[in-house]
Each structure stands twice: as C-alpha cells, then as structure tokens.
Amino acid sequence: MIRILLLAVMLATPLWAVQPDEVLDDPVLEERARELSTGLRCLVCRNESIDESNAPLARDLRLLVRERLVAGDTDEEVLDFLVDRYGEYVLLNPRADGVNLILWLAGPVSLLAAVVIGAAYVRRRAKAAPTGAAALTDDEQARLDKLLRD
Amino acid sequence: MVTELGHFAVILAFAVALVQMIVPFAGAHTNRKSWMAVAEPAATIQFLLLAFSFAALTVAFVTSDFSLRLVVINSHTSKPMLYKITGVWGNHEGSMLLWVLILALFGALAAWFGGNLPDRLRARVLSVQAAIGVAFLAFLIFTSNPFLRMAIPPLNGQDLNPLLQDPGLAFHPPFLYVGYVGLSMSFSFAVAALIEGRVDAAWGRWVRPWTLLAWTNLTVGIALGSWWAYYELGWGGFWFWDPVENASFMPWLIAAALLHSAIVVEKREALKSWTILLAILAFGFSLIGAFIVRSGVLTSVHAFANDPERGVYLLAITAIFMGGALTLYAARATSLEAKGVFGLVSRESALVANNVLLAVSCFVVFVGTIWPLVAEMTTGRKLSVGPPFFDMAFTPFMILLAIILPIGAVLPWKRGNLGKAIRPMRGALFLAVAVAALVWTLQTGRSAMAPIGALLGVWLVAGALTEVWMRAGRGDLGSKLRRMRNLPRADWGKAVSHAGVGVTFWGVAAMLAWEIEDIRVALPGESYQVGNYEVTLQDVRRVPGPNYVSTMAVMEARRNGELVATLTPERRIYPVAEMPTTEAAIDNGVLRDLYFVIGDPQANGGWAVRTYIKPYANWIWAGAILMALGGTLSLSDRRTRVAGGARRSPAAAVPAE
C-alpha cells in the first residue's frame with residue numbers, strides 16, 4: 001500500500017474514491033461500508049462524502065470504517081466512534097437531537113402550517129361573496145332579477 | 001485602449017442607471033410624462049454601454065491581453081479559443097459583468113416590449129430595475145472591477161481552472177444568470193404594483209412571461225450544471241445538495257410556484273398578495289444564491305470566489321432589497337383583496353396545494369442549506385447537513401406533488417367534482433399501477449424506489465397525455481387530432497412540462513435503484529464481466545493535449561460477444577494550473593449509460609478501473625429538456641404575446657381597493 005501511495009505522489013495525481021485494494025471480501029460488509037461512507041463527510045474537502053472524495057484523509061476514513069466493521073461494530077457504533085474522534089461535523093446526516101430538532105421538524109411543521117393557512121384561505125374564498133368587478137351593483141341586480149323573471 | 005473604453009462604459013452605465021432609477025420614479029410620483037419617458041431610452045443606453053464593455057472584456061480575453069489582471073489569472077495563450085471566450089464569465093469579476101449585462105438586457109426588453117403597460121407602471125418597473133442595476137454596478141466597480149491593469153504584465157497567464165474548461169460548464173452560467181436575473185423583472189413588477197397599490201388580472205398577464213422566461217433558462221442552467229457534474233466529477237453523481245446547487249434550486253422552486261400562482265391572478269383575480277410575495281421571494285433567493293456562491297460562508301465544490309468583503313456587500317444588497325420590498329409588502333398587501341370565488345375542489349385549490357408544496361419544499365432546502373451556519377453561530381455546534389438529510393426531507397414533497405399534479409391539472413376552475421376529474425384519468429392510473437407492478441416483479445428483493453419512480457413517472461406522463469386527449473374533445477380520431485393540433489401552445493407547453501417532470505422522476509429513481517458499480521485492478525488486455533457486459537482494458541497510453549497531458553485508456557464493452565462501444569477514459573494533468581482532472585468516457589444510450597473511469601497505475605502493472613452501468617441516466621436531463629421545451633412553447637403562445645401586446649388602457653384595470 002505504501003508503494004502505491006508513493007507512486008501516486010510521484011506522479012502528482014490524487015487518489016480517487018474507493019480504491020480496489022480497499023474493497024472488503026465480504027460483499028455484505030462492503031455494502032454496509034459503502035452505505036456508511038456516503039453519509040460521512042470528508043473533513044478536508046469542500047463538500048464531499050468520503051465515498052466520493054479523492055483526499056488521502058477520506059481514504060483513511062474509508063479504511064477506518066471498514067476496520068471497525070470487520071471488528072464487528074454495528075453501523076451505529078461505527079458512527080459513534082467517528083463522532084467521538086472527529087466531532088459531529090463528520091456526519092452528513094445530522095442527528096435529530098437538541099437544536100437539530102428545529103432542522104428536522106422544519107419540513108413537517110411548516111407543511112402543517114402551510115396546509116392550515118392554505119385551507120383557511122380556500123375556505124374563505126369558497127364562502128366569500130363576489131366583490132369588485134364580479135359583484136353586481138343594485139341597478140344591475142334589479143335588471144338581472146327582471147331579466148330572470150321575464 | 002478598448003479596455004479603457006470598456007471600463008469607462010461601465011462607469012457611464014452606472015451613471016445612466018442612477019438617472020433611470022430617480023427621474024422616472026419622481027415622474028411617476030408627480031405625474032410628469034416627460035420625466036417618465038426618460039426610462040426607456042435610459043434602459044436602452046444602459047444595455048448598449050454594458051454590451052460594449054462586455055465585448056471589450058471579451059476582446060481582452062481573446063487577444064490574451066496580459067496587462068489585464070483578470071486575464072492573467074484566468075487565461076493562457078495555449079487555451080483553446082472556446083475557453084478563452086467562456087473564460088470571460090468563468091471567474092467572479094467577469095461573471096458579475098455578465099450579471100449586470102443581463103440585468104440591463106431585461107430592463108431594455110421591458111422598455112422595448114412594454115408599450116402596452118400603463119405609462120406610470122412602466123416607469124416604476126424600469127426605475128426599480130435600474131435600482132437593482134445601480135446596486136450591482138456599484139458592487140462591480142468598487143469591489144470586483146474586471147478592468148484592473150497590471151503594473152508589470154507577465155508573459156503568460158495562469159490558466160482557467162481546468163474543471164471549468166468544459167462545454168457543459170462553460171455554457172451553463174449564461175443560462176443560470178438569465179434565470180436568476182430574469183427574476184428581477186418579476187420583482188420589479190411586484191414592487192411597482194405595490195407602489196401603485198394595484199394588482200389585477202392584467203398584472204398577472206404581464207408578469208407571467210418574464211417569470212416563464214427566467215424559469216425556463218434556470219431549468220436549462222441547472223440541468224447543464226448537473227449534467228456536467230455527472231460526466232466530469234468521475235463517478236456519475238448528478239446532484240449533491242451542495243450549497244451552490246441549492247442556491248440555484250431555491251429560486252427555481254419559488255419561480256415554479258410563482259408561475260402557477262400568477263395564473264390564478266390572471267384568470268381568477270385571487271392569490272394576489274401571495275403572488276406578489278412569491279415574486280419578491282423568488283428574486284430574494286437569487287440574491288441569497290449570489291451571496292452563497294460568492295461569499296464563501298458555506299463551503300462548496302463549485303464556488304469560485306471567496307471574499308468576505310464582497311460577501312458583506314452582497315448581504316447588504318440582499319438586506320436592502322428584501323427589507324425594502326417586504327416592508328412595502330407589509331404596508332400594502334392588505335389592500336390587495338381577492339375577487340374570485342372558488343370551491344374547495346377547484347383548479348384554484350389545486351394550484352394553492354401546488355404552491356404550498358413548492359414553497360415548503362423550498363423552505364426545507366433553505367433551512368438545510370443555512371443550518372450549519374445558524375447552528376454554529378447560535379450554539380457553537382459544528383455540524384454538516386448533507387445529501388442524506390435532503391433526500392429524506394425533500395423527496396416526500398415531490399412525491400405528493402406528483403400524486404396531485406395530473407388531477408389538479410384537469411380540475412375545472414371555480415368549482416369541480418373530484419370524481420368527475422378522476423374518471424378520465426382512470427386509464428393513466430391503471431397504466432401507472434400496472435407498470436409499477438411489472439417493475440416490482442422484475443426486480444426481486446431490491447428497494448421500492450424503482451417501482452415508486454415508475455408509478456409516478458407513468459402517472460405524470462400518461463396524465464399529461466390524457467389531458468391533451470381530453471382537450472381535443474369528442475368525435476372521431478381525425479377530428480380529435482385536428483383539434484389537438486389547434487390547441488393553444490400554452491396547453492401543449494403545460495402538458496410537455498408536466499410530462500417532463502414525470503420523465504425526470506423515472507430517470508432519477510431508476511438510476512439510483514439499478515446502478516451497477518465495479519471497482520477493480522485490471523491489467524492491460526484483461527477482460528471482466530459487469531452486468532451484461534464484458535469489458536476489456538485494451539491499452540493505456542500517454543497522449544498530449546493542447547494545454548494538458550493525458551493518460552488515456554482504451555476500453556471495449558461487448559455484449560454477447562458483439563462490440564458495443566470502444567471508450568477512452570482519460571486522466572488529464574494541466575501543467576499550468578497544476579491540476580489533474582478525470583475525464584470519464586460514457587457510451588450514452590436510451591436505456592443505459594456505460595460509464596468508464598481510469599484511475600491510478602498499480603504496483604503490479606495494472607490500472608485501477610471503475611465501470612458503471614447507469615440505467616436510464618439520460619432520462620433525468622431529457623425530462624429537464626422537456627420542462628424547458630414546455631416553458632418555451634408556452635412562451636411562444638399567441639395569448640402570451642397578445643398579453644404582451646394587447647393595449648389595455650389603465651382605466652380598464654380596476655383598483656384593488
């Protein structure tokens with residue numbers, strides 16, 4: 001592995017996401033590793049998950065995730081391990097606790113509010129009497145009544 | 001010399017914009033026709049001046065004038081001509097010049113085609129448009145001047161960021177900017193209407209074509225950006241929920257809502273104050289987008305200019321325009337009373353539901369985008385909000401939208417009957433369920449994503465077709481077809497756009513659900529199996545390019561022994577910018593893309609290769625093209641043009657008191 005790294009440095013080219021030598025032999029574990037990787041931030045990159053990133057640090061993290069999985073950790077334990085080490089900044093899917101509840105509830109709550117406001121508006125329009133251009137003046141109403149009578 | 005003239009033209013345009021902002025506004029207020037009449041020539045002159053200065057900057061890039069700082073930083077003599085030209089807007093300063101040019105273009109268009117507007121409204125619209133121009137021209141001149149000279153010009157430039165040297169990315173900013181900046185027109189109309197205190201059906205007609213134009217271009221711009229990410233970033237992702245992507249997506253969502261609510265204003269004189277609010281917010285999100293992209297407060301893969309000083313200035317522009325417009329809105333919105341009456345089940349209600357879903361989904365994207373910033377400032381928690389959150393929080397809204405869309409599209413105005421509206425859609429519904437069931441049985445033991453995508457995709461497309469079929473009326477096939485041909489283009493535009501949404505839904509779902517990925521080390525000459533394809537790495541060689549050196553692999557894909565495609569993925573190194581890029585090789589197909597990437601050389605003489613089979617990938621962008629095509633069709637409708645050209649006397653419009 002060191003030789004590959006050296007070669008890569010010599011050629012001044014970056015490593016790129018998931019290298020063949022990282023892939024685990026157990027397809028189930030590998031699947032879990034990939035799944036976890038897409039939810040973990042590459043800490044030195046601009047806005048990429050470690051699954052997509054070319055940075056050496058992302059590779060280290062990918063290897064770390066696989067190490068933990070092989071050691072028998074559950075997905076949750078792997079995440080806890082990484083959060084302990086790197087802080088919750090590493091999680092692309094923020095945890096729903098504390099102030100983050102605002103973030104998680106923003107969608108449902110604002111949808112509820114919008115539906116209530118929208119429904120109230122629609123109900124008001126359904127009950128409202130026509131006004132303005134659509135409404136008839138007394139003269140017009142009288143004429144209409146007359147026309148309808150005839 | 002030309003450069004100095006260009007520089008001078010920008011400053012002159014700033015002066016003209018100042019005049020255009022003040023004089024017509026005062027004229028409209030004091031009812032002086034001659035003052036109001038200043039607006040149109042001023043708008044034209046402002047546009048011509050900025051067009052000249054943009055041309056001057058382009059000349060500097062094309063002739064590689066390295067006495068200009070901007071050219072030195074972003075160009076190089078060996079760069080292909082195409083990228084010398086697109087390099088003009090491939091940087092912060094040049095793109096700001098393009099931004100103000102498009103802003104002036106929209107002002108000029110409103111002056112040229114606004115003959116039907118009441119004089120006072122037109123004067124106010126152009127004045128507000130000029131105010132935006134003043135703010136951005138000042139920003140350009142004082143913080144991001146593209147015409148600065150070098151004291152000692154170097155012999156050659158530092159080259160454009162290699163990632164930007166690509167046709168997909170080179171052409172997406174102009175589209176995006178026409179979209180962002182086009183929304184300024186809706187904003188100007190909204191503010192002018194608030195000052196007038198009058199919003200009526202005519203206003204809805206005037207504002208809709210501008211929004212449609214902006215939205216259509218925004219659609220194309222976003223699609224091009226996503227397509228670029230797909231083939232350039234080397235693993236085939238097409239959407240990252242990156243702050244910069246969200247910055248373009250939020251105005252798109254609000255503009256889509258605005259398009260629909262403006263119809264209600266036009267046809268039914270309801271939803272007025274909401275539509276005004278959307279028009280203000282749509283441009284507000286454009287401004288916030290500019291702030292996000294150019295200030296660097298949120299890290300992103302796309303952002304090119306990170307300068308806190310500029311960020312502060314842009315934040316100030318956003319605060320002034322949004323603060324001012326929303327204050328005006330708060331003061332005046334209550335006077336905008338709705339007239340139309342409609343029942344609980346009606347087209348109006350369906351469009352309200354559409355607006356609720358689009359606006360809330362935009363709000364969710366907004367909260368997710370700024371949350372890391374807010375959380376860190378308020379609680380000190382440093383956290384990330386990434387794709388897993390957005391996928392989960394955003395997708396439900398789109399699913400709901402897709403479910404109600406075909407029904408809402410055929411509900412009658414005023415008062416409808418749900419049963420009656422659904423009846424003709426039974427065929428579409430049946431087809432959608434049948435296809436989804438088929439997909440479900442074909443793929444055993446995988447996620448529900450593909451069947452749901454199939455259900456919604458078919459439902460939307462078949463629903464749109466059913467609507468056109470219904471609109472063609474009764475009678476035999478011949479008369480139906482004839483009537484279909486004679487349907488207004490706006491009706492076709494609606495059907496095509498809505499079908500486009502369905503096509504994109506299916507593309508996204510199928511690609512995410514069925515993608516096959518293979519990562520391995522292959523020796524030259526080695527073959528391996530991926531899905532139904534036998535892939536051979538034939539050769540890897542070094543190839544020189546115009547301003548880069550490439551490592552190019554030759555790979556063959558065979559199916560049942562027959563050669564399907566020979567692809568040449570590359571890794572390029574741009575020596576001047578000292579940056580490597582990955583050039584994936586893609587065999588595009590209707591049903592699947594073959595996506596090959598070549599990686600690092602390995603110790604055993606082999607190469608790391610990645611092979612992807614991406615089913616229905618192109619449907620994602622085909623759907624976006626359909627949406628944009630629908631927008632264009634609708635824009636070309638005679639009624640839209642008549643709306644632009646019909647002379648309505650101001651007296652015909654009823655004050656909204």
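Student: A residue is buried if 20 or more other C-beta atoms lie within 10 Å of its own, exposed if 12 or fewer and partly exposed in between, with C-beta atoms placed from the backbone. Which residues of α4(A) are buried?

Tutor: Val78(A), Leu79(A) and Leu82(A) are buried there. They cover an arc of only 95° around the axis, which puts them on the same side of α4(A); the arc is that of the directions from the helix axis to the C-beta atoms. Keep in mind that this is a predicted model, where local features need pLDDT of at least 70, side-chain atom pairs count only at pLDDT 80 or more, and totals for chains, interfaces and linings use all residues. Residues are numbered from 1 along each chain as its sequence is written, while chains are lettered from A and ligands numbered from 1 in the order in which they are written.

Student: Fine. What does the face turned away from the buried side of α4(A) carry?

Tutor: The exposed residues Glu76(A) and Asp84(A). As for the pattern, an α-helix has 3.6 residues a turn, so residues three or four places apart point the same way.

Student: And what covers the buried residues of α4(A)?

Tutor: The cover includes α2 (27-37) and α3 (56-70) of chain A. Helices here are DSSP runs of H or I with at least four residues, strands are runs of E with at least two, and both are numbered from the N terminus. α4(A) itself runs over residues 75-86 and reaches 16 Å from its first C-alpha to its last, close to the expected 16 Å; that expected span is 1.5 Å times one less than the number of residues. Just after α4(A), Gly87(A) has a positive phi of about 85°.

Student: How many helices and strands does chain A have?

Tutor: Six helices and zero strands. Of its 150 residues, 25% count as buried. Also, 48% of the contacts in chain A with a separation of 6 or more are between residues 24 or more positions apart, a contact being two residues whose C-beta atoms, placed from the backbone, lie within 7 Å.

Student: Switching to the interface: how many residues does each chain give to the contact?

Tutor: Chain A gives 46 residues and chain B gives 53. On the chain A side, α1 (2-10) and α5 (100-127) are the elements that give two or more residues, and α5(A) gives the most, with twelve. By class, that side has 27 nonpolar, twelve polar and seven charged residues. Here Ala, Val, Leu, Ile, Met, Phe, Trp, Tyr, Cys and Pro count as nonpolar, Asp, Glu, Lys and Arg as charged, and the others, Gly among them, as polar. The predictor gives the complex an ipTM of 0.82 and a pTM of 0.89.

Student: Where in chain B is confidence lowest?

Tutor: In helix α22 (residues 638-645), at a mean pLDDT of 54, whereas helix α3 (residues 39-62) of chain B is highest at 95. pLDDT is the predictor's confidence in each residue, from 0 to 100. Chain B averages 88, but pLDDT stays under 50 over residues 642-657. Where pLDDT is low, the predicted coordinates should not be read in detail.

Student: Which domains does the assignment give for chain B?

Tutor: Domain 1 (1-165) and domain 2 (516-617), with bounds that come from an automatic or database domain assignment. Their centres, taken over C-alpha atoms, are separated by 43 Å. Nine residues of domain 1 of chain B are in contact with seven of domain 2 of chain B.

Student: Why does Asn31(B) count as exposed?

Tutor: Because Asn31(B) has 10 C-beta neighbours inside 10 Å. Trp241(B), with 21 other C-beta atoms within 10 Å, is buried.
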